[in-house]
Structures are given as structure tokens and as C-alpha cells.
Amino acid sequence: MVGQARHRPFRQTAQLRSKTLLTHDMQEFVFAAQSHAGFRPGQYAMITLPDGQVERAYSMSNLGNCYGEWKFVVKRMPGGRATAALFDDTEVGSEVTLDGPFGHAYLREDGNRRIVCAGGGSGLGAMISIVLGVAARPDSRDWTVHLFCGGRTRKDLHIPESIAFAGRQLGALNVHTAISDEHDDGVRAEVEGAEPFRGFLHEAVLDRLAGSLTDFTYYAAGPPAMTDALARALVLDAGVAADHLHYDRFC
């Protein structure tokens, strides 16, 4: 059936292979699992940290594969027990438990070929996975993708090199950034290119796609306030069909 998830969730042990700093408060964590990494672009897994006391949901930032590699982009949350454990206490070689995949915000491969991916904070990982998933398709040249990345200031923004590679496989890839701090002075900008939109991520989507909002299928990941604001703006205000917006709400 079109749109039905194809991978059954299961629990397995995985070992942290690498951790890479992406911004001042965001890292990529790469785990090697005992079995395959079966998931669809945009899904997430539950990670139980080594002490067994902390379990959190994080979206994968890579594509499913047969060699058991799971990648996650994680933003440190002030006072967050899980991110403190990941960033400070989980060393390369440590073992965690992965349970997944889960989620309904996965790429609809047989659907609309004009899509928008909006990611804030750790939600960027899921959007990267979706863009890579489209780029890997045999009909990738038929797809138009708008990727929106949001942060408080420029130093919170990160667009991985893999997105530039994906853009060469797509019919069109448009990358947009948004920063919500009106006092940001541009120091230590991590993303070069066009000036970021000044405002919240959902406002950037409304501004950049004005007049064509109903032409797209939307995928979103990030803080609940962000995804809720986007849903209200698109579905309630702009008239986008509810089944053209896909996101998983994390508390």
C-alpha cells in the first residue's frame, strides 16, 4: 500500500563510532549496529543511553542501509538530561540500545514531487534524510525540493555538504535559512550564501513560498512550538490540505 511504512521496529545494540561537532551546540553521532539499519527517510529511533535510565527519540539523518549505520544530528538542550549524557558522558565505543524505526513523517515516494522540508534544531536530521532519499531515487530529476533550516542566530545554522551533493541529483533544490534573533550581528556564521530570513521558520516558509503554498507536500521536524506554528499557518490559514503536511510531534 502506498505510504505504508516498510520496516518493523526492533531493538538492537549499537556502538558509538564517531561524534562530530557541527555547530557550537549541535553534533552528529554515528552508531554501528549489530544488524541492518532499516528505516525510511524521515523516521526516528528511540535511543537508550548506557546507564539505561535515559531514553529519547532522535531522527536519523542518513538513509537506511544494510551495514548497520545509524546517524543522528542532535542539538544540546540546556538542562536536558539526554543531551548532556550524549554530549558529555557517551564516548566513542560506548554501547546504546536502538529501538526503531518509528514515525509517520517519512518520505512519500509515490506522492507529490514538489516538497518542502522544514527543520529546526535536531529536526534538521530528519530533513537531511528526506532530501538524500529523494536524491537517491531514479526519478530524482523530476523533484523540486525546498529545504528550510532555522535557528536563533546564524551560529545555530548548519547545512551539511551532503545537501550540496543531493542538489546535483535533483531537478531543483532551494535552501533557505531563518534566524529568529533580531539582534544577531552575523558573527561566526556557519552557513554562507543568501542573507537569512529574519523571523521564525514558519514565517520564512510563508514568505519564500507566497502564492504557491498549496502546490507542495510538507515535511517538518523540530521543537513542538515550531511544528505547531507551521501546521497552523499552512493548514488553518493558508488552506494546505492536512494530509499534505507530515510531522511527528516530540515533547
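Arg17 counts as partly exposed because its relative accessibility is 44%; partly exposed is the range between buried (under 20% relative accessible area) and exposed (over 50%), worked out with a 1.4 Å probe on protein chains only. Before we go on, keep in mind that this is a predicted model, where local features need pLDDT of at least 70, side-chain atom pairs count only at pLDDT 80 or more, and totals for chains, interfaces and linings use all residues. Residues are numbered from 1 along each chain as its sequence is written, and side-chain values use heavy atoms, with hydrogens and water left out.

How confident is the predictor? The chain averages a pLDDT of 92, and 93% of the residues score at least 70, where pLDDT is the predictor's confidence in each residue on a scale from 0 to 100. Where pLDDT is low, the predicted coordinates should not be read in detail.

Back to Arg17, then. What does Arg17 form with Glu69? The two make a salt bridge, with their closest N and O atoms 1.9 Å apart. Arg17 sits in strand E1 and Glu69 in strand E5, so this pair ties together parts that are 52 residues apart in sequence. A salt bridge here is a side-chain nitrogen of Lys or Arg within 4 Å of a carboxyl oxygen of Asp or Glu. While Arg17 is partly exposed, Glu69 counts as buried, at 11% relative accessibility.

There are 14 salt bridges in the structure, and another one to look up is between Asp139 and Arg113, whose side chains meet at 2.9 Å, N to O. Asp139 is in the loop between H2 and E8, and Arg113 is in the loop between E6 and strand E7 (114–120), so this bridge ties together parts that are 26 residues apart in sequence. Asp139 is buried, with a relative accessible area of 13%, whereas Arg113 counts as partly exposed, at 32%. Asp139 also forms a salt bridge with Arg137, with 2.8 Å between the closest N and O atoms. Arg137 is buried too, with a relative accessible area of 16%. Through shared partners, salt bridges join Glu109, Arg113, Arg137 and Asp139 into one network.

Now find strand E3 (residues 44–48). Is E3 mostly covered or uncovered? Covered: 5 of its 5 residues are buried. One face carries Tyr44, Met46 and Thr48 and the other carries Ala45 and Ile47, and both faces are covered.

E3 also has strand partners. With strand E4 (residues 55–59), E3 pairs in the antiparallel sense over 5 bridges; two strands pair if DSSP finds at least two bridges between them. Thr48 stands opposite Glu55 in E4. The hairpin of E3 and E4 has 6 residues between the strands, and there Gly52 takes a positive phi near 75°. E3 pairs with strand E6 (residues 95–102) as well, again in the antiparallel sense, over 4 bridges. In that pairing, Tyr44 has Phe102 of E6 as its bridge partner.

Staying in E4 for a moment, you'll find Ser59 there. Ser59 is buried, with a relative accessible area of 9%.

Last stop: the pockets. Rolling a probe the size of a water molecule over the atoms shows where empty space is left. On a 1 Å grid over the protein atoms alone, a pocket is an open set of points where a 1.4 Å probe fits, with protein on both sides within 12 Å along at least five of seven lines, and lining residues have an atom within 4 Å of a point. The largest pocket holds about 1,100 Å³ of space. Its lining has 39 residues, and the closest to the centre are Met77, Gly120, Gly121, Gly222 and Pro223. E4, E5, H1, E8, H4 and H5 each supply at least two residues of that lining. The second largest pocket has a volume of about 250 Å³. Its lining takes two or more residues from each of E1, E5 and H2.

Methods. Points joined across faces, edges and corners; volume = space filled by probe spheres on them.
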